[in-house]
Amino acid sequence: LGERAALHTCTYTDRAGINQDSISMTVTAPDGSAVSVTDGTFPLEQVGNYIVTVSVSDNNGNRSELPVTVICYDRFVDEERGKTSFTALTTSSISI
């Protein structure tokens, strides 16, 4: 909470083995509002699950999306409970 999370650079290759450039990422805050991404980072201003949606498309118009969860914990509440504060990123594969 109060930090910025970095979005990693994404690349993908379609089933034909061709590298694609059409990748976009949007971020949704725990309350459902859109979050601005600046210089590849976004602010963690709310406790809860942020959803980073990675969207890809190929030259044939095939499209796929993958939601990635970033969890933001309240540092002070968690420290009182004996836990450390951190953000966790879970990832998966996308295929189109």
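Strands E4 and E5 pair in the antiparallel sense, over two bridges, and in this predicted model one of the residue pairs to look at is Val27, whose bridge partner in E5 is Val35. The two strands form a hairpin with five residues between them, and there Gly32 takes a positive phi near 95 degrees.

Staying with E4, which covers residues 23–28, you will see that it also pairs with strand E7, residues 48–57, again in the antiparallel sense and here over six bridges. Within that pairing, Met25 has Val54 of E7 as its bridge partner.

Now let me move along E7 to Ser55, which lies in that strand. Is Ser55 buried or exposed? Ser55 counts as buried, because its relative accessibility is 6%, against a cut-off of under 20%. Its side chain makes a polar contact, at 3.3 Å, with the side chain of Glu65. If we leave aside the neighbours within four places in sequence, the contacts of Ser55 are Ser22, Ile23 and Ser24 on the one hand, and Arg63, Ser64 and Glu65 on the other.

Finally, a word on confidence. The chain has a mean pLDDT of 79, with 75% of its residues at 70 or more. By strand, confidence is highest in E5, residues 34–35, at a mean of 98, whereas it is lowest in E9, residues 87–89, at 47.

Notes:
Residues numbered from 1 in each chain as written. Predicted model: local features only at pLDDT ≥ 70, side-chain atom pairs only at ≥ 80, totals over all residues. Heavy atoms only, no water. pLDDT = per-residue confidence, 0-100. Helix = DSSP H or I, 4+ residues; strand = E, 2+ residues; numbered from the N terminus. Pairing = 2+ DSSP bridges. Buried < 20%, exposed > 50% of the residue type's maximum accessible area, 1.4 Å probe, protein only. Polar contact = N/O pair within 3.5 Å; in protein donor to acceptor, adjacent residues only side chain to side chain. Contact = heavy atoms within 4.5 Å.
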